[in-house]
Amino acid sequence: MPRPQKRGLDYFPLDTNFFSDNKIRILKARYGVNGIMVYIYLLCEIYKNGYYLTWDSDQKYIMADELNLTDGFIEQVLTFLLERSLLDSKLFQSDTIITSRGIQRRFQEAVKSRASKSNVEVEPRYWLLSEEETQPFIKFTQNAD
């Protein structure tokens with residue numbers, strides 16, 4: 001019996017100019033290093049499971065507990081990330097899904113070597129990249145929306 005295909009990543013790239021990005025600099029200025037920690041924690045949770053995360057109050061409380069922060073602080077940072085387009089606000093508002101085009105681009109690059117053996121299936125409702133932006137090994141049907 002074949003081994004089940006891995007959904008998420010064991011690691012993901014973090015650009016060396018991460019802290020030079022103005023959106024990250026503003027995040028740090030407003031919320032300090034805890035704001036950055038929330039964002040990186042979210043990225044880890046997203047990539048651990050693939051390219052998106054389903055958000056709910058349980059997730060928020062677990063995150064607050066693990067990071068020793070308040071749930072209100074987590075909500076404030078998440079709102080900032082959505083407003084500044086570090087995360088996709090449209091998909092969050094419609095389905096409470098946390099992802100972004102950048103997250104999905106990095107996911108594609110990370111699974112490229114794995115994809116030489118088989119296609120990588122993605123959920124079409126949550127895939128933000130256009131057909132032209134999507135690598136051939138990504139298997140999906142583009143949303144009608």
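**Helix packing**

Guide: Helices α1 and α2 cross in a right-handed way. Keep in mind that this is a predicted model. The axes of α1 and α2 come within 11 Å, and the crossing angle is roughly 125°. Angles from 65 to 115 degrees count as roughly perpendicular. The pair α1 and α2 is therefore oblique.

Now look at who touches whom. From α1 come M37, V38, Y41, L42 and E45. From α2 come Q59, I62, M63, E66 and L67. By class, the contact of α1 with α2 has seven nonpolar residues, one polar and two charged.

Next, follow α1 to its contact with α3. Here the axes of α1 and α3 are 10 Å apart, at an angle of about 110°. That makes α1 and α3 roughly perpendicular. On the α1 side, the contact uses K23, I26, L27, R30, Y31, N34, G35, V38, Y39 and L42. On the α3 side, it uses F73, I74, Q76, V77, L78, F80 and L81. Twelve residues of this contact between α1 and α3 are nonpolar, three are polar and two are charged. Find V38 and L42 again: they sit in the contact of α1 with α2, and they also belong to the contact of α1 with α3.

The remaining pair is α2 and α3. Helix α2 covers residues 57-67, and helix α3 covers residues 71-83. Their axes come within 9 Å and cross at roughly 110°. The two helices α2 and α3 are therefore roughly perpendicular. Their crossing is right-handed.

The largest pocket has a volume of about 330 Å³. Among its 18 lining residues, the closest to the centre are D15, D21, Y39, L86 and R106. Helices α1 (22-49) and α5 (101-115) each give two or more residues to that lining. Helix α1 gives the most, with five residues. By class, the lining has nine nonpolar, four polar and five charged residues.

Terms used
Residues numbered from 1 in each chain as written. Predicted model: local features only at pLDDT ≥ 70, side-chain atom pairs only at ≥ 80, totals over all residues. Heavy atoms only, no water. 1 Å grid on protein atoms, 1.4 Å probe; cavity = no way out; pocket = protein on both sides within 12 Å on 5 of 7 lines; lining within 4 Å. Points joined across faces, edges and corners; volume = space filled by probe spheres on them. Helix = DSSP H or I, 4+ residues; strand = E, 2+ residues; numbered from the N terminus. Nonpolar A, V, L, I, M, F, W, Y, C, P; charged D, E, K, R; others polar. Axes fitted to C-alpha atoms, helices over the stretch in contact; angles between N-to-C directions. Parallel < 35°, antiparallel > 145°, perpendicular 65-115°, else oblique. Left-handed = near helix turned anticlockwise from the far one by under 90°. Contact = heavy atoms within 4.5 Å.
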